[in-house]
Amino acid sequence: MSKKNTDESGLEIIETPEALAGQINKAEVFFIKNRKIVLGIAGAVVLAVVAFAGYRFYIDGQEGTAQDALANVVYDFEADSLQKALNGSGGNEGLLSIADSYKGTDASNLANFYAGVALLKQGKYDDAISHLQSFSSSDLLVHARAQSLIGDAYLEKNQPAEAISFYKKAADYEKNEYFTPVYLMKLAIAQEKANQPADAVSTYKRVIDEFPLSSEVVNAKKYMGVLEGQVGK
């Protein structure tokens with residue numbers, strides 16, 4: 001029998017035929033002793049793969065139908081026919097139906113965003129929050145926009161503390177020169193309403209210092225000046 005090979009650390013390296021055969025024999029013994037467990041795990045993995053593949057096939061098939069339905073209803077949304085957009089008209093599905101009937105599709109996800117905006121405009125704040133929170137996106141602008149809209153809904157509900165949380169998320173997500181100052185201004189207003197004047201002053205100052213070219217700077221300076229006068233700064 002040949003001598004077992006070892007590496008510099010002294011650990012055995014499986015290179016020789018005898019060592020390899022020994023390892024195979026150990027594996028066979030383990031399989032025989034645990035045959036039901038091994039086969040059960042393998043079967044579960046196969047079922048999971050098949051189930052996922054079937055789900056993706058179903059979703060892919062639904063996507064085209066959902067996108068067509070969404071394209072039809074967007075016209076009503078853009079025309080500000082909010083009730084038609086939400087509930088459908090002329091045999092076309094509405095945003096609420098699309099969001100619910102085609103879950104898992106991109107069209108359903110986007111329908112949640114549109115529905116949230118429409119419901120917010122109608123003053124149905126809780127429903128708006130629900131749909132906007134069901135929406136997800138990695139898009140630079142749309143994700144932050146959704147967070148800001150949720151903040152708007154909470155502010156309309158006179159819940160500034162909750163609004164602050166979402167305005168912060170909007171302002172901190174992928175900062176940019178155009179929209180971040182707007183979200184910061186909303187944040188400062190919510191902080192004022194939450195009786196957090198020092199935080200509001202700091203937020204207004206962020207607009208001034210971090211986005212000096214923004215059109216929001218004029219109002220930020222004005223509101224900060226008034227607030228500083230009130231708190232004696």
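Me: Buried means under 20% relative accessible area, exposed over 50%, and partly exposed in between, with a 1.4 Å probe and protein chains only. With that cut-off, what share of the residues of the chain count as buried?
Reply: Of its 233 residues, 35% count as buried. Please keep in mind that this is a predicted model, where local features need pLDDT of at least 70 and side-chain atom pairs count only at pLDDT 80 or more, while totals for chains, interfaces and linings use all residues. Residues are numbered from 1 along each chain as its sequence is written, and side-chain values use heavy atoms, with hydrogens and water left out.

Me: What pLDDT does the chain average?
Reply: The average is 82, and 73% of the residues score at least 70; pLDDT is the predictor's confidence in each residue, from 0 to 100. Contact here means heavy atoms within 4.5 Å.

Me: How many helices and strands does the chain have?
Reply: There are 11 helices and 2 strands. Along the sequence the pattern reads β-β-α-α-α-α-α-α-α-α-α-α-α. As for contacts between residues at least 6 apart in sequence, 46% join residues at least 24 apart.

Me: Why does L95 count as buried?
Reply: Its relative accessibility is 0%, which is under the limit, so L95 counts as buried. L95 lies in helix α4. Not counting residues up to four places away in sequence, L95 touches L70, V73, F77, A85, L86, A111, Y114 and A115. One of these, Y114, is 19 residues away in sequence, with 7.2 Å from C-alpha to C-alpha.

Me: Which residues of helix α6 are buried?
Reply: In α6 (residues 125–134) they are A128, I129, H131 and L132. Their cover includes α4 (95–101), α5 (106–121) and α7. An α-helix has 3.6 residues a turn, so residues three or four places apart point the same way.

Me: At what angle do α7 and α8 cross, and how close do their axes come?
Reply: Helix α7 (residues 142–156) and helix α8 (residues 160–172) cross at roughly 165°, and their axes come within 8 Å. That angle is over 145 degrees, so α7 is roughly antiparallel to α8. Axes are lines fitted to C-alpha atoms, for helices over the stretch in contact, and angles run from 0 to 180 degrees between N-to-C directions.

Me: What is the hand of the crossing of α7 and α8?
Reply: The crossing is left-handed: the near helix is turned anticlockwise from the far one by less than a right angle, whereas clockwise would be right-handed.

Me: Which residues of α7 and α8 meet?
Reply: From α7 come A144, Q147, S148, I150, G151, D152, Y154 and L155, and from α8 come P160, E162, A163, F166, Y167, K169 and A170. By class, this contact has 9 nonpolar, 3 polar and 3 charged residues. Ala, Val, Leu, Ile, Met, Phe, Trp, Tyr, Cys and Pro count as nonpolar, Asp, Glu, Lys and Arg as charged, and the others, Gly among them, as polar.

Me: How do α7 and α9 pack?
Reply: Helix α9 (residues 180–193) packs on α7 at about 25°, with the axes 11 Å apart. This angle is below the parallel cut-off, so α7 is roughly parallel to α9. Their crossing is left-handed. A144, R145, S148, D152 and L155 of α7 make the contact with Y183, K186, A190 and K193 of α9. The classes are 4 nonpolar, 1 polar and 4 charged residues.

Me: What makes D152 count as buried?
Reply: D152 has 17% relative accessibility, so it counts as buried. This residue of α7 is in contact with L120, Y167 and K186, leaving aside neighbours within four places in sequence.

Conventions
Helix = DSSP H or I, 4+ residues; strand = E, 2+ residues; numbered from the N terminus. Parallel < 35°, antiparallel > 145°, perpendicular 65-115°, else oblique.
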